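Visitor: I have a chain here that I'd like to go through with you. Can we start with the parts I should be careful about?

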Amino acid sequence: MKIVKFQHGSSLPGPLPDLISQLSPTPLIDYESILTSSKRKLVLHFDINETILIGDEAGGDTVQDCLNKIIAKSAFVQCPPNSCSSETERCMNTRDYEPTHWWDGTPIPVNDACLTSPPPPLYTGWTLPRNCCPYYRTAYKKYAKTFTQGHGKAYLPLYQTLKNSLLSHDDCSELSSTHPFYRMIPAFFYTLVKLQEMKKDYTLVLRTFGTDLDDVALALNDFANGKHPHYPSFREPRLILQEKQMFRGRYRSSRSSSEEDSKSSKSSSISESIYDLWEWCGDDSSSTRTPSKLVASGDDQVLNIIENLSVCGINDDYQYWDANKNAPFCGKPVWIHPSNVNRCDDDGGDSSSYHHLFFDDNIHNDERESIVAVRAWGEVDNCWKSLSGQETIDQQGKFVVRVPTIAVVLQQDWFLQHIALAEVNAMNSFAN
């Protein structure tokens, strides 16, 4: 196995190593020329856990646990015969399945004597290999936190490379040993530095279902004040995230109480979901589901707040998403502005001048569920509506981007490459 050595807290400047396979690799592009030539303002939504932050101590996952899980999620195995009918369909009934072979046909080792060298390439592509699924979606998920000590022992050198890419305690003795810098993926900060160098106008939106927003706010604020050991000269007041810029996003039904009572089903629908922003009341999962003060109600008001801030953070509505079985219209919302209608925002500006782009490691090529709810302006009904599952899948690479965490940890300009690709893809979709 070829392992590339590099400084702690940094990533690879070029393509991913051979161990990472996409079948159809994304070409490296001149992202700087694309981003500097685009006139639209970017609204960059970043999920937190395993998209820009490794480890969830509150949730019981150490950094070591998460690095093992990240590798396990990109280690594909062969599904049971006839369990998939298409390349894009997720293998069915694999939760109890104990796979015997990796996706390329190599046997999964049962002991050290069965280890192969080199191990099968991991897979980070969007279209699933036919009749395959991630190791993480099988009965072996229970071993994911110790993957490189068991079935995935051949990937132990890669695990060490991933670990070395994170900031080392030896590099910054002046920081607290629990500072979130140690768990942040370096590519995130690199992206913000390059966007500043390019003088690119953008809004940064941090999104989470969990209780990690305060940690990332601390890391972002210290970074913006030049306290990151790799970027001591970086200063960006626009990235200072204050509590007044942090919100709780919650869904509610548009139906009245009497209408709710008359319905036999408790589930919501695409047309009945309204997304509101409420005041921040601390990163405490035990807080009441609906905070006390409403800040913005409905898509237009929410967008008016987000798009007029330089940075904000949102704790999204996990309970609603979970209660509706992860339906696409119940996830963290992101918006597609119309491209060619004479519609202005609340301040009289051209609403089509914004490009929202959502990065999340938990986006899947599955029309039945989605962690992101893509909202688009309907010219016929003159209102915002959530897209269907298949329509949501179609926005991959344009308005939503699945983040294979292992690739982001290894490649420092991964986010920049995919921001630029999304700019091109979105413009092409509008042109068509």
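Visitor: What is the pLDDT over residues 340-344?
Guide: This is a predicted model, and pLDDT stays under 50 over residues 340-344. The model still has 11 contacts for that stretch beyond four places in sequence. Where pLDDT is low, the predicted coordinates should not be read in detail.

Visitor: And what is the mean pLDDT of the protein chain?
Guide: The mean is 84, with 79% of the residues at 70 or more. Residues 85-89 are below 50, and that stretch has eight contacts in the model beyond near neighbours in sequence.

Visitor: OK, new topic. How many helices and strands are there?
Guide: The protein chain has 11 helices and 15 strands.

Visitor: What share of the residues is buried?
Guide: Of the 432 residues in the protein chain, 56% are buried. The accessible surface is about 18900 Å², and carbon and sulfur atoms account for 47% of that.

Visitor: Which residues touch the most other members in the largest nonpolar core?
Guide: Phe188, Leu204, Leu206 and Leu220 do, in a core of 79 residues.

Visitor: Across the chain, how much of the contacts with a separation of 6 or more comes from residues 24 or more positions apart?
Guide: Such pairs make up 76% of those contacts.

Definitions and conventions: Residues are numbered from 1 along each chain as its sequence is written. This is a predicted model: local features need pLDDT of at least 70, side-chain atom pairs count only at pLDDT 80 or more; totals for chains, interfaces and linings use all residues. Side-chain values use heavy atoms; hydrogens and water are left out. Helices (H or I, at least four residues) and strands (E, at least two) are DSSP runs, numbered from the N terminus. Buried means under 20% relative accessible area, exposed over 50%, partly exposed in between (1.4 Å probe, protein chains only). Contact means heavy atoms within 4.5 Å. Accessible areas come from the Shrake-Rupley method with a 1.4 Å probe; for residues, only the protein chains shown count as cover. A nonpolar core is a set of buried Ala, Val, Leu, Ile, Met, Phe, Trp, Tyr and Cys residues joined through side-chain atoms within 4.5 Å. pLDDT is the predictor's confidence in each residue, from 0 to 100.
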